[in-house]
Structure formats: C-alpha cells, structure tokens
Amino acid sequence: MKRLLASIPLMLVALGAGLPATEAAASDTFTISIKDHRFDPAQVEVPAGKKIKLLVKNLDPTPEEFESHELKREKIIAGNGKATIIIGPLKPGTYKFVGEYHESTAQGQIIAK
Amino acid sequence: MLATAIIVFREVLEAALVMSIVLAATRGVLHRGLWVSGGALAGLLGAAIVAWFAEAIAEAASGVGQEVFNAAVLFTAVIMLGWHNVWMSRHGRELASSLKHVGAAVRGGTSPMYVLAAVVGMAVLREGSELVLFLYGVAATASGNTGGMLGGALIGVGAGAAIGTTLYLGLLRIPSSRLFAVTGWMILLLAAGMAGQGAAFLVQADILPALGQTLWDTSALIADEGVLGRVLHTLVGYTARPYGIQVLVYLATLGVILALMKIVDRNPGARLLPAARATSPASR
C-alpha cells in the first residue's frame, strides 16, 4: 500500500510530462489577442487538414466569450486571461468567429488553407 | 439593452426548460417546489463561485479545464437523470395512480427528489456562470448604463421563464395516467442530449476522438443559435453539425438507460425498498 501511494506522485509527474510533449508535436499554436473588444489579428491563416491550437489572450479587463458556430466552439476567456482552443483538422475554407459579449466589434475569421 | 436581453435569454432558456421538465416529472411529490428552488439556488451560488474561479478553471488541465469541467457537470446530470428514470420505471405507476386518487401530495418520501434537484442545480450552474461573467463584464464597462443592463437582464430572464412556463403548463395538460410516461421520455432525451454535448466538450478538449468532424450539417434548416435550435438542443439534444462521437454517445445513452429501465421493471427481485423486502422474506 505504501509503495502504491509513493508511486502516485511519480505517475502524476509522468502524466504531466507526457501531456505537453504530445500536444506540442500534434499541433501548431496561433495567438489572437482581444483588445478594446476587437480581435487582433482579425484574420488568422492556419494550415488545413491538421490539428491546431489557438491561444486567445484577452487584454481587456472584462471577460469575453469566443464563439464560433462554424468551428463549434464556445469558450469564456476571463478578463486579462487567456484560453487555449484546440481546433481542426479543418477543411480548407473560412470560419467566422465572434466575441459573443461584444458581437458588434469583436469579429474575426480563420482561413484554413 | 436588447443585446443584453438576448444573451441573458440564451443562457436562461436551457435552465428554464430543464426546470419545467423536472417540475412536471415530479408532479405530486411532497415539497418538490422546495427541492427544485433549492437546487436552483445552489446552482446560482455555484455559478458565482465558478465565475470567480473562471480563469483558474480555464487554465487547468493544460488549458482545457473549462471543457473538462462542462463535460463533468453534464455527465453527472446524465447519471442522475438516468437514475430518476430507472427509479420511475419501478414506482411511476404507483405515483400516477395515487396522483389520480389523492390529487395532491403523495407520500413520496423515498422519491429521489434530491437527484432531480441536483440536475436543476447543474443546469443553472453551467448556464449561470456564463451569465454572471457576462453581466459582470457589462457592469464593469458600461458603468453609466446599469439601468439598461438590469432592464435587459430582466427581459431576458422573463422571456426564458415564459418559455419554460409554457412548456410546464403544456405538460400539465397531459392526463396524470400518461404524464410520467411523457416526462420519462423527455428526461431520457434530455439525458441523451446532455451526454452527447458532454462528449462534444471532450472532443474540443482533445480527449475524445471526433469520429467525423461533421456527421451532417443542418444549420441552414435549423441553426444552433436560433431560438428553435436552442430549444431543440435542450429538449432532444439537437445539434446542427454534430461530431460522429456525439451521435454515438447520444444513442448509447438512450440504449443504456432504456435497457436499465426494462431490467428493473421486469425483475421484482431487484427491489431495494424496505416495503418490497418485507413482502419477500424468502429471498434472504
């Protein structure tokens, strides 16, 4: 029992070490910032046919919800926070997204090529 | 103000629909109003806590904590809805007949009311935390227009509650002998839809394979973001562009709950209630 308990931290370390490594290999990361309720860049070109990662940084003090029906994503990003959104593999095309809380200004698109 | 009303309405709608189904499904149960409102209050409290820790949750599990959290809440609700239906497949008939005879409260002391109260709480928790964050954001930016925001929020809550009430009143028109059969099916579909949605969250977290990114696309017919799409999403789990695994989990949940309901209904030996045990001492 003691040995089993002692091995738990080891397993956790193994798990923790394993996760980022596989993710880094599987995906490319693209960063989008939110400032004054606008996305920057508002157009992101990503490779089609592979899994990618969006890192959305919210530089505003208020929360925002990244929403895209075409990408099937709804994710809240805290004020001055960031969120990781894993998407794809995408077919080539244009995918719109908005900040649901400020839909009039926070608009952008992902172009998969 | 209108924008606020629309967003609040979207978030309130699902919780309102879940609540009205639960209220109809528990007709005749003692203190159900207390249980349901208690569940909703606990959900609100939880929502405020989740909103407060939103950033910590989002950054947990290598940045997909929000998806994992949502999936966990959904799957818990699925288990409870399934449990309710299995319980009802044993006791529904007694409950329906006493509802007919007594008309008022049933001695439903063993009814798993806390199970459904928790389901209401979880629906409020998930939608409520987004609502709290949104309203906080509006309040923090538009400090001069708090009245407009409050007005919009009230309109949104009112509209959501109105649709929930309409569904509830509609369900009450069903004769009491059929009521639990209908609410049983609704809860079954509710559970399957939630399970599918939970699976979709796990796909988004890159934990489950999608098994087909878009099995079909009916967004031109009924869009997810429209009122009809949202109502159907909650009631029967409608999704305009479902993942393959979402449909698979949906069907599997339907199958498993139905099978459990059949097994429990047919096998009197599996009775767990003290009253039932007393009638069959030979089984000991």
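Trainee: What does the pLDDT of chain B average?

Mentor: This is a predicted model; local features need pLDDT of at least 70, side-chain atom pairs count only at 80 or more, and totals for chains, interfaces and linings use all residues. Residues are numbered from 1 along each chain as written, with chains lettered from A and ligands numbered from 1 in written order. pLDDT is the predictor's confidence in each residue, from 0 to 100. In chain B, 85% of the residues score at least 70, and the average is 85.

Trainee: Over residues 269-284 of chain B, how many contacts beyond four places in sequence does the model have?

Mentor: Two residues are in contact if their C-beta atoms, placed from the backbone, lie within 7 Å. pLDDT stays under 50 over this stretch. Where pLDDT is low, the predicted coordinates should not be read in detail. The number of such contacts is 5.

Trainee: Which residues have the most contacts inside the largest nonpolar core?

Mentor: A nonpolar core is a set of buried Ala, Val, Leu, Ile, Met, Phe, Trp, Tyr and Cys residues joined through C-beta atoms within 7 Å. Buried means 20 or more other C-beta atoms within 10 Å of a residue's own, also placed from the backbone. The largest core has 102 residues. Its most connected members are B:Val18, B:Val22, B:Val119, B:Val120 and B:Ala191.

Trainee: What share of the residues in chain A is buried?

Mentor: Chain A has 113 residues. The buried share is 35%.

Conventions. A residue is buried if 20 or more other C-beta atoms lie within 10 Å of its own, exposed if 12 or fewer, and partly exposed in between; C-beta atoms are placed from the backbone.
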